[in-house]
Structures are given as structure tokens and as C-alpha cells.
Amino acid sequence: IQSAPVIGRKMMDQKPKIRVLFVCLGNICRSPMAEAVFRQLVVEAGLTERFEIGSAATSSWEAGKPPHPGTREILRQHGIALDPAKRAVQVRRADLAGVDYLVAMDYENMVDLRRLSNGGAHVYRLMEFAGEGYPADIPDPYYDGNFMYVYDLVEAGCKGLLEAISS
């Protein structure tokens with residue numbers, strides 16, 4: 001009887017990556033912020049090889065555009081890297097396949113994602129992971145410019161999400 005090659009055993013020991021997709025309306029403010037913050041937390045935890053992290057929009061309004069200057073600035077202030085090639089993309093039904101954590105920024109995003117998946121995808125709101133004392137939704141800073149407040153909410157949600165996944 002031949003034993004399985006070592007490479008075969010190594011492949012079996014590898015765990016599939018945990019796929020996280022953050023989604024907001026335009027993919028220029030909240031979801032790319034969450035993507036960058038979560039990625040930084042994953043790097044700091046030494047778990048980079050275990051995750052595939054992305055972000056997208058429910059609408060096509062901003063497709064192809066870079067993240068909002070307010071998002072880029074608040075991330076810069078906090079020393080969080082943002083991929084300079086990042087551009088807004090609209091989520092498609094095919095993008096939902098294999099996503100472990102489909103994370104919406106607000107109720108409307110959640111409804112849109114459920115509709116897109118024909119009710120098949122489990123959608124979380126990021127603030128479900130933030131704990132007590134936080135609002136259910138993350139407001140869109142595109143309309144009021146309050147990127148600092150949004151950053152605080154995103155950071156709390158992302159920390160809670162990583163903790164939930166890790167436990």
C-alpha cells in the first residue's frame with residue numbers, strides 16, 4: 001500500500017479562506033473603509049493568509065470611481081493602508097457564492113443584498129458585531145461629511161466581527 005504524498009496531506013491540512021464582503025450603496029465611503037480597517041485588523045492578528053476581504057456597492061452609481069477623499073483621509077489619519085488601485089464595483093449575484101460573511105452597512109443595503117440573492121444569502125449588518133450602545137446602521141458620510149464618526153462605528157464593528165469569527 002502506497003502512502004499519500006506529503007503534498008497531498010499538506011493540502012488537506014489547509015483550511016479554506018474565510019471570505020468577507022463589505023457592502024454599502026456606492027462603495028466609495030463606508031464599505032471600502034470597512035474593507036481597509038478589517039484588513040488592517042487581520043494583518044495585526046497575523047491572520048492574513050486565512051482571509052479574503054473585499055467590498056462592493058449595491059448600486060452602479062459610483063462604479064469605477066476611487067474611494068471618497070473623506071474615506072482616504074480618515075484612513076490616512078489612522079495609519080491604515082488603502083489599496084491605491086481600489087475602485088468601486090457593483091456586487092453581482094455571482095459574487096455572493098462562497099462568501100462567508102456578507103456584511104451590509106445599513107438596513108437598505110441588507111434588503112438589497114437579500115433581494116439580489118433571492119433570500120438565499122445570510123446578510124449581517126456590521127453594527128451587529130459592535131456590541132451595546134451603538135446604532136444599528138452606519139450612516140453614509142457622503143451626505144453629511146462625518147467621516148470621523150463613521151470611522152469610529154466601522155472600527156467598532158470590524159473589531160467585533162474579527163472577534164466573532166475568531167471565537
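What follows is a conversation about the fold, overall dimensions and salt bridges of a predicted model.

Q: How many helices and strands does the protein chain have?
A: In this predicted model, the protein chain has six helices and four strands.

Q: And what pattern do they follow along the sequence?
A: Reading along the sequence, the pattern of the protein chain is α-β-α-β-α-β-α-β-α-α.

Q: What order do the strands take in the sheet?
A: The four strands form an open sheet in the order β2-β1-β3-β4, and their pairing is parallel. The edge strands, each of which pairs on one side only, are β2, covering residues 51-57, and β4, covering residues 123-125. From one strand to the next, the twist averages 25°.

Q: Which strands does helix α2 touch?
A: Helix α2, made of residues 30-44, packs on the sheet and touches β1 (18-24) and β2, with its direction making about 170° with that of β2.

Q: What about helix α4, which strands does that one touch?
A: Helix α4, residues 107-116, also packs on the sheet, where it touches β1, β3 and β4, and its direction makes about 175° with that of β4.

Q: Changing topic: what is the radius of gyration, and what would a compact globule have?
A: The protein chain has a radius of gyration of 17 Å, which agrees with the value near 15 Å that a compact globule of 167 residues would have. Taken along the principal axes, the box filled by the C-alpha atoms is roughly 70 × 35 × 35 Å.

Q: How much of the protein chain counts as buried?
A: Of its 167 residues, 44% count as buried. The protein chain exposes about 9300 Å², and carbon and sulfur atoms supply 53% of that area.

Q: What share of the contacts comes from residues 24 or more positions apart?
A: Among contacts in the protein chain with a separation of 6 or more, residues 24 or more positions apart account for 71%.

Q: How many salt bridges does a search of the whole structure find?
A: The search finds eleven salt bridges. One of them joins the side chains of Arg 30 and Asp 140, at 3.7 Å from N to O. Arg 30 lies in helix α2 and Asp 140 in the loop between β4 and α5 (141-144), so this pair ties together parts that are 110 residues apart in sequence.

Q: Are Arg 30 and Asp 140 buried or exposed?
A: Both Arg 30 and Asp 140 are buried.

Q: Which residue does Glu 73 form a salt bridge with?
A: Glu 73 forms a salt bridge with Arg 76, and their closest N and O atoms are 2.5 Å apart. Both residues lie in helix α3 (residues 69-77), where they are three residues apart, about one turn of the helix. Glu 73 counts as partly exposed because its relative accessibility is 31%, whereas Arg 76 is exposed, with a relative accessible area of 55%.

Q: And what about Asp 95, which residue is its salt-bridge partner?
A: Asp 95 forms a salt bridge with Arg 92, with the closest N and O atoms 2.8 Å apart. Asp 95 counts as partly exposed at 22% relative accessibility, while Arg 92, at 54%, counts as exposed.

Methods: Residues are numbered from 1 along each chain as its sequence is written. This is a predicted model: local features need pLDDT of at least 70, side-chain atom pairs count only at pLDDT 80 or more; totals for chains, interfaces and linings use all residues. Side-chain values use heavy atoms; hydrogens and water are left out. Two strands pair if DSSP finds at least two bridges between them. Helices (H or I, at least four residues) and strands (E, at least two) are DSSP runs, numbered from the N terminus. Axes are lines fitted to C-alpha atoms, for helices over the stretch in contact, and angles run from 0 to 180 degrees between N-to-C directions. Contact means heavy atoms within 4.5 Å. The radius of gyration is taken over C-alpha atoms; the globule rule is 2.2 Å times the number of residues to the power 0.38. Buried means under 20% relative accessible area, exposed over 50%, partly exposed in between (1.4 Å probe, protein chains only). Accessible areas come from the Shrake-Rupley method with a 1.4 Å probe; for residues, only the protein chains shown count as cover. A salt bridge is a side-chain nitrogen of Lys or Arg within 4 Å of a carboxyl oxygen of Asp or Glu.
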